[in-house]
Amino acid sequence: MERGFLSQYFEGVAIKRLTAVEANRSKSNQHEFNGVRLLRNLLGDGERSSMARFMWLSGENEGITSEGKVTWYDSRKRQPHRSAEYRLYFNSNPVMDLAKEGDLLIVAKRPDDEIYVIVVPEESTFENQLLWLFDVQLIDKQFTYQSFEEGNDPEVDYVVRYILEELGIEVSDPDGSYIDSIIEPFIDSGFPSTSDFSTLARRTLKDVSPIEEPDQTLLKWIEHEEKLFRRLERHMVARRLEAGFRDDGITDVEGFIQFSLSVHNRRKSRVGYALENHLEEIFKTHNLTYSRTPVTENKSKPDFLFPDINSYFDSLYPESRLTMLGVKSSCKDRWRQVLAEAHRIKHKHLFTLEPGISENQTDEMQASNLQLVLPKRLHETYKPTQQSWLMDLSSFIKLVKEKQ
């Protein structure tokens, strides 16, 4: 399977923590960043003025995107006897109005010269994810520069793709023609069920080993299914757009809105079911006994209950041999929902595909007796102080087998 590289999406980034002068409007009317050498490495020495995409990324559903103008200029241009002093000026906009001292600022340059200005709160999940993605070590409140070129150009695997799409960047598939050959039967008939689609993804992906390498296999299945889904979605959306949105000669705005919402909702719901489907296949391969989405107290439905729901309701069956696994492709602030499921089990487990969850969140999980489980590949996106606590899929399977 071919992969893309990060350099297809970003040429380089300059990253720093915002100072009070840069962020606090009550202390300064400044609307610019000094063009230190590392920022000049990114933007060059020629003056330029262009539109930029400003992004504020915080918790779930708290992202803000704003288009704004930036100007890269030499403030000493009319003083030829002095060395150049570049500055990046920006117009006031909703994103920078939210920025606070200590927030992470990322100035990124796309291959088409588009500029991204991204702000994320200090010690947030987004901060962890972006620092890992761009492989940057912060130095006090100075800019740190990173370019992406041969020798420092990460492949776009599932984890990189996840973060890029959090930034609203659609990832292209280099092996599109191969994927088209797989999904061709469905282009005219429509989306198959999530279960059938997951089966198709597993059947058409070779060189995986759910027994020896369950963590790696799960990520490969998920990534492959995501590529199949997005490619099929692209074909079907293109056909619908070509047909247009007209009703008795009048532009059907409401029809377009409903269609757009259906595409968005299908994306969100499908990935969670896909993750459950592939986990279930791995549990079957390892001969684990389980109940999927059984009903417990107060009509709660934990995603997986080991060994089964009958044992759970058997008062003579020891609680120490019961295991509950919640499944959320991304946690955000929704991980607390798992705490209300399966009251008999005090120490719960939660499987996720979300990289770099903040320390504040994982500390809360530990305090709530919730163990985070995620593929081994994702562990490196977490801070060293978190990694020793994380559990991978292989270790979870071993734990359940020991109990059964």
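This is a short tour of the structure above, one selection at a time.

Before you click, know that this is a predicted model, where local features need pLDDT of at least 70, side-chain atom pairs count only at pLDDT 80 or more, and totals for chains, interfaces and linings use all residues. Residues are numbered from 1 along each chain as its sequence is written, and side-chain values use heavy atoms, with hydrogens and water left out.

**Stop 1: strand 1**

Select residues 12-17, which make up strand 1. Helices (H or I, at least four residues) and strands (E, at least two) are DSSP runs, numbered from the N terminus. Is strand 1 enclosed or open? Six of its six residues are buried, so strand 1 is largely enclosed by the rest of the structure. Buried here means under 20% relative accessible area, with exposed over 50% and partly exposed in between (1.4 Å probe, protein chains only).

In a regular strand the side chains alternate between the two faces of the sheet. Color G12, A14 and K16 for one side and V13, I15 and R17 for the other: both sides are covered.

**Stop 2**

Strand 14 (residues 348-352) pairs with strand 15 in the parallel sense over four bridges, and K348 stands opposite L370.

**Stop 2: the nonpolar cores**

Which residues touch the most other members of the largest nonpolar core? Among its 75 residues, they are F10, F134, L164, F283, F351 and L372. A nonpolar core is a set of buried Ala, Val, Leu, Ile, Met, Phe, Trp, Tyr and Cys residues joined through side-chain atoms within 4.5 Å. A second, separate core has 24 residues, including A23, L43, W72 and L105.

Leaving aside neighbours within four places in sequence, the contacts of F351 include L218, L275, V327 and L393; contact means heavy atoms within 4.5 Å.

**Stop 3: helix 11**

Select residues 359-367 for helix 11, and highlight its buried residues Q361, T362 and M365. Look down the axis: these buried residues fall within an arc of 95° (taken from the directions from the helix axis to the C-beta atoms), so they line one face of the helix. Their cover includes strand 15 and helix 13 (384-387).

**Stop 4: R230**

Hop to helix 8 (residues 214-243) and find R230. R230 counts as buried because its relative accessibility is 12%. Beyond neighbours within four places in sequence, R230 is in contact with R161, E165, E170 and R267.

**Stop 5: the largest cavity**

Finish by selecting L43, R48, S50, V70, T71, W72, L88 and I115, which line the largest cavity. Which strand gives the largest share of that lining? Strand 4 does, with three residues; strand 3 (48-56) and strand 4 (64-74) each supply at least two.

Note on methods. Two strands pair if DSSP finds at least two bridges between them. On a 1 Å grid over the protein atoms alone, a cavity is a set of points where a 1.4 Å probe fits but cannot get out, and a pocket is an open set with protein on both sides within 12 Å along at least five of seven lines; lining residues have an atom within 4 Å of a point.
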